[in-house]
Amino acid sequence: MRWTSRVRFLFLAPAVVWVLLFTIFPLGYSLFIAFNKIDQTTQVERVKEPVLDEAGQPVLDSKGRPRTKNVVVRNTVTTTEFVGLTNFKRLFTDPQVHEAIKVTLVFVLIAVPIELCLGFLIALLFNRPLMGRSTLRAIMILPIFATPIAMGYSFFTIFYEEGGPLAFTGIPWLSNPNWALFSVALVDIWQWTPFCFLVFLAALQGVPDELLEAARIDGASGPDILFKVLLPLLQPTIIIVLLLRIAEAVKLFDIPFALTGGGPGTATQSFSFLAFRTGLRFFDLGYASAMAYGLLAVVMVVVLLFFRRLRQSYG
Amino acid sequence: MFYVPKNAIYKRIPRRKFLELGGGVATALGAGSVAVGLSSVVTRSPVQAASSDDAKWKQYSGTKLVFMSENTPPSFAIRENLKPFYDLTGIEVEILTDDLPVVQQKVGIDLRSGKADFHLNYVQDKPIGAPFADYFANLNDFINDDTLPQDPDGMGADAWFENFLDVCGTMYTRDRLIAFPYDSAVACTFYRQDLFEQHSPDFEKEYGYRMEFTKDTTWKNVYDFAEFFKKLRAAGQDVPYGYAQHQGSFAWTAQLDIQRLMYAHGQWTEFDVDDKLGSKEPGPTRWGDESSIFLMEKWKELASVAHPDNLANDTLQLNTVYQAGQIAMQVQYHEFAASIEDEKTSRAAGGKTAYAPCPKGEASWIKNGGQAVNGTSCGIGGIGINNNASDDLKRAAYLFAMWSTSKETQYNVLKGVGGTPTRKAVMDMPGVKEARQRPTDMPNALTFDAVYDYGIKDPHFVLGPKIPEANEYYQIILTEVQKCISGQQDPAATCESIRDQVDDMNDI
């Protein structure tokens with residue numbers, strides 16, 4: 001093999017190193033710490049050591065005694081104790097985890113269906129001649145590009161009860177547990193409905209005009225065309241969007257982090273937020289890793305179910 | 001891609017050659033960056049005990065240190081004015097600043113992973129000092145080292161305000177000292193004197209006493225004031241709300257907030273431990289006892305007359321609410337006085353705000369037989385040295401820790417951006433005494449009577465709780481108290497839930 005052929009390995013190397021360092025290693029290491037308890041202690045001792053000259057002989061002071069120096073000896077001891085499934089078992093008995101799962105599920109059940117329905121309706125609206133359609137479409141998709149954490153902080157001022165733009169409603173957006181979760185969902189809906197809209201619009205524009213024309217000639221009404229032609233045709237797209245949104249929504253973190261801090265109480269503390277807090281605020285990294293793997297398992301089950309359904313439908 | 005005009009005058013480089021060159025350069029740059037990023041610089045000129053002070057200060061000339069700090073006024077001011085330290089020592093210091101939770105996270109990872117990316121750390125007493133106490137160098141080693149220069153004012157407990165060294169430096173044992181007091185945030189009451197004076201006659205007619213704030217003003221009075229303002233608003237008057245709590249998402253200050261009320265009533269504390277030392281095994285908590293349940297009821301009553309965004313405002317936002325003129329009173333940290341007195345951003349500036357000690361306990365609310373005090377909580381930010389660093393880097397870091405907490409530096413910060421001194425000697429420096437009265441060019445000094453002359457003195461000052469799981473404890477308090485205030489559970493259930501979780505956390 002000529003060296004110029006081997007050079008491809010050089011170009012592949014950064015990508016391989018990147019994946020190994022930032023994907024495979026964290027995955028493996030977090031699994032390791034989920035099964036182990038790691039403790040590190042540092043013992044510091046001060047000892048007197050003789051001062052030696054270049055020849056290695058003790059240096060004497062003016063009274064002929066060996067000169068000494070203080071040396072700090074530091075001994076860091078790391079202990080790793082295998083704890084088996086302890087962290088995973090805690091997941092089943094910890095009320096905070098149960099509460100966070102409930103919050104996450106309620107959030108997914110509120111946000112995702114609304115995003116899909118709204119996105120689809122807006123896509124239907126934009127799939128017909130409309131003045132300034134391209135400009136409106138560009139404006140519509142802007143929220144997708146906003147950073148969720150920045151959105152959280154922006155909506156904090158919007159939901160502010162005393163003097164915020166929505167203060168006239170008199171709704172306790174952030175201080176009432178039920179409204180707070182709805183507020184979090186509202187921000188998510190605002191941000192991700194455009195994504196659903198964009199995908200649905202692309203799918204709608206791929207539907208052949210002949211089909212719709214034929215349906216109209218056969219006397220199909222508007223609802224008939226929607227429910228008997230468009231929705232069946234768009235089913236694969238809808239399933240994909242649903243899958244993507246669920247997989248993303250169960251990882252909810254940024255918005256409650258910035259908007260509510262998980263409160264009031266635990267009303268908006270999602271599962272990811274709890275894992276973050278456990279790991280990087282309380283430094284219970286083993287338990288946090290177990291939580292992350294729990295979440296990964298749930299997401300994978302959802303993904304597998306959907307792929308199975310897709311395979312059954314479309315071979 | 002790679003389009004070359006036919007008449008290009010330079011020699012065409014084949015695509016393969018171009019990619020080879022590009023890959024090589026990128027790899028070399030990447031490797032170089034990693035090498036530079038992972039290295040820290042230390043140089044040393046050996047000194048003896050008998051060496052001159054100048055030699056001792058300069059022994060680490062050429063060294064580079066990194067200090068991870070909270071974004072507090074001293075760090076901003078010192079970062080802008082590092083030249084004197086560089087001239088004195090030849091040491092270059094990079095000061096990184098961020099929000100406290102981020103600092104806590106970064107410092108925690110650095111310390112616990114055995115690294116020393118940050119040689120100097122901001123040791124906020126309970127949130128950083130208590131959980132990571134074992135990872136900081138013992139500063140006593142450096143204080144007693146005659147090959148290092150020493151501050152002429154000393155670094156012992158007497159050099160600092162009462163209890164400050166204990167708050168941030170002493171964790172669980174007196175054998176080790178983990179931080180020097182670097183800045184301080186001590187609670188006191190900020191209130192709108194103009195509004196109090198304006199409405200006092202009407203208030204007195206209804207409640208039978210004057211609406212004023214003194215060291216004898218109790219939490220019951222605070223409730224009355226807040227209720228009075230809320231009634232005025234309900235009657236359509238253009239007045240702010242009376243009061244608001246720190247019950248937003250910042251768990252530590254939410255805990256400190258309720259701690260002031262609890263401590264004011266019989267000096268109630270969470271654990272039966274020496275507050276100055278703290279404990280790694282604090283034993284059963286007192287949450288759930290008669291006092292805690294009764295006072296939680298009062299806390300909820302106070303919330304009912306507070307600003308409507310009470311559960312959304314953490315400490316910074318609460319201060320903004322006060323600056324915006326939306327509340328007439330807040331118990332706040334004295335470091336915020338400078339922002340309140342800034343006429344460009346604050347509606348409460350221009351002599352409208354007065355400062356008083358924290359509210360006192362109401363005698364009839366005390367259930368544990370203790371005394372009524374002006375419960376004053378605090379956050380004393382220390383500067384500590386990462387014990388993972390090499391011995392030379394630690395010694396170099398000590399030079400900065402000492403310089404940054406010297407009276408000259410603290411005085412400059414106080415004059416510049418409004419610091420909050422931790423050294424007693426700063427009070428005797430030129431202009432500081434005069435600055436306690438208006439007009440002043442050191443607005444934080446307006447709080448000094450309430451804070452340094454009263455709040456931090458025994459029996460009003462509450463130091464703890466110093467426990468390794470301090471941050472978990474704060475989160476439990478915040479979560480359960482928010483549930484209580486938002487009506488999800490009653491005060492008794494709240495205290496019992498706190499007790500169960502805290503005892504479980506402490507393996508009781």
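# Calls and cut-offs, one by one

Analyst: Let's start in chain B, where F85(B) and F400(B) are both buried. Buried means under 20% relative accessible area, exposed means over 50%, and partly exposed lies in between (1.4 Å probe, protein chains only). This is a predicted model, in which local features need pLDDT of at least 70 and side-chain atom pairs count only at pLDDT 80 or more, while totals for chains, interfaces and linings use all residues. Residues are numbered from 1 along each chain as its sequence is written, chains are lettered from A and ligands numbered from 1 in the order in which they are written, and side-chain values use heavy atoms, without hydrogens and water.

User: What makes the accessibility class of C117(A), and what makes that of C188(B)?

Analyst: C117(A) has a relative accessible area of 48%, so the class is partly exposed. C188(B) has 0%, and therefore counts as buried.

User: Good. How many aromatic pairs are there over all chains, and how do you know what kind the pair of F155(A) and F159(A) is?

Analyst: There are 54 aromatic pairs over all chains. The ring centres of F155(A) and F159(A) are 5.6 Å apart and the planes meet at 40 degrees, so this pair is tilted. For Phe, Tyr and Trp (its six-membered ring), a pair needs centres within 6.5 Å; planes under 30 degrees apart are stacked, over 60 edge-to-face, and the rest tilted. F155(A), at 12% relative accessibility, counts as buried, and F159(A), at 1%, does as well.

User: Why is the pair of F85(B) and F400(B) given its name?

Analyst: Their centres are 5.1 Å apart and their planes stand at 80 degrees, so the pair is edge-to-face. This pair links distant parts of the chain, with F85(B) in helix α4 (residues 83-89) and F400(B) in helix α15 (residues 391-404) of chain B, 315 residues apart. Helices here are DSSP runs (H or I, at least four residues), as are strands (E, at least two), numbered from the N terminus.

User: What makes R90(A) lie over the face of Y287(A)?

Analyst: R90(A) is 3.6 Å from the ring centre of Y287(A). The rule asks for NZ of Lys or CZ of Arg within 6 Å of the ring centre and within 35 degrees of the ring normal. R277(A) likewise has its charged end over the ring of F273(A), at 4.6 Å from the centre.

User: Which residues in the largest nonpolar core touch the most other members?

Analyst: They are F180(B), W219(B), W287(B), W299(B) and F400(B), in a core of 223 residues. Membership goes to buried Ala, Val, Leu, Ile, Met, Phe, Trp, Tyr and Cys residues joined through side-chain atoms within 4.5 Å. In soluble globular proteins, nonpolar side chains tend to be buried together.

User: What makes the surroundings of N319(B)?

Analyst: Beyond four places in sequence, N319(B) touches Q330(B), Q332(B), F336(B), S339(B) and I340(B), where contact means heavy atoms within 4.5 Å. N319(B) sits in helix α13 (residues 315-323) of chain B and is buried, at 3% relative accessible area. Its side chain also makes a polar contact with the side chain of S339(B) at 3.0 Å. Polar contacts are N or O atoms within 3.5 Å; within protein, one must be able to donate a hydrogen and the other to accept it, and residues adjacent in sequence count only if both atoms are side-chain atoms.
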